[in-house]
Amino acid sequence: MPHITRALIRKRAEHNEGVISTLEEISLHQEELESITEVLGTTCRKLKILYLQNNIIPRMENLHHLKDLEYLNLALNNVAKIEGLDRCEFLNKLDMTVNFVDFDTLEESVTHLKSRRHLADLYMMGNPAQV
C-alpha cells in the first residue's frame, strides 16, 4: 500500500533541488497512493499546487496544513465526498473529475465549499452527481 513519504516527496522535488520545505508545487500522480498522509502537510506547508490525480485515494484528509494551496487536482481517484479543505484559504481551483461524489454527499460537499471564497473553478465531470 503506497503512501506519501518524505522520500517520495524528495524524489518528486528534483526541480527544487530536493528541498521539500520550500516546495510550492508537487506532482504525485500515478503513484497508486491510497491516502493523503499527514507528512505532506507538515513537510510542505508552502504548497500552492498539488497534483494527486490518477491514484486510488478514497478520502480528502490531512490537507489542513496547506493554507496557501491554490490548486488541488484529485481527478481519477475514489473520493466520495469533498471535505478537509477548511484551512485551504486560497484554494481557487479544485479538480474532482471522475471520482465517486454522489447525490447523497453532494449537498454536504457543496456546503463545505461555500466557505472557500476564492474558489473559482470546480470540475466534477464523471461523478455520479455531476454539477
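## Contacts and setting of Leu23

Leaving aside residues up to four places away in sequence, Leu23 touches Ile9, Ala13, His15, Asn16, Cys44, Lys46 and Leu47, where contact means heavy atoms within 4.5 Å. Leu23 sits in the loop between helix H1 (6-11) and strand S1 (25-27). Helices (H or I, at least four residues) and strands (E, at least two) are DSSP runs numbered from the N terminus.

With a relative accessible area of 1%, Leu23 is buried; buried means under 20% relative accessible area, exposed over 50%, and partly exposed in between (1.4 Å probe, protein chains only). The C-alpha atoms of Leu23 and Lys67 are separated by 13 Å, the two residues being 44 apart along the chain.

## Basis of the model

This is a predicted model, in which local features need pLDDT of at least 70 and side-chain atom pairs count only at pLDDT 80 or more, while totals for chains, interfaces and linings use all residues. Residues are numbered from 1 along each chain as its sequence is written, and side-chain values use heavy atoms, with hydrogens and water left out.

## Fold and dimensions

The protein has three helices and five strands, in the order α-β-α-β-β-β-α-β from the N terminus. Its radius of gyration is 14 Å, close to the 14 Å from the globule rule for 131 residues, so the protein is as compact as a globular protein of that length. The radius is taken over C-alpha atoms, and the rule is 2.2 Å times the number of residues to the power 0.38.

Along the principal axes, the C-alpha atoms fill a box of roughly 45 × 30 × 20 Å. Of the 131 residues, 42% count as buried.
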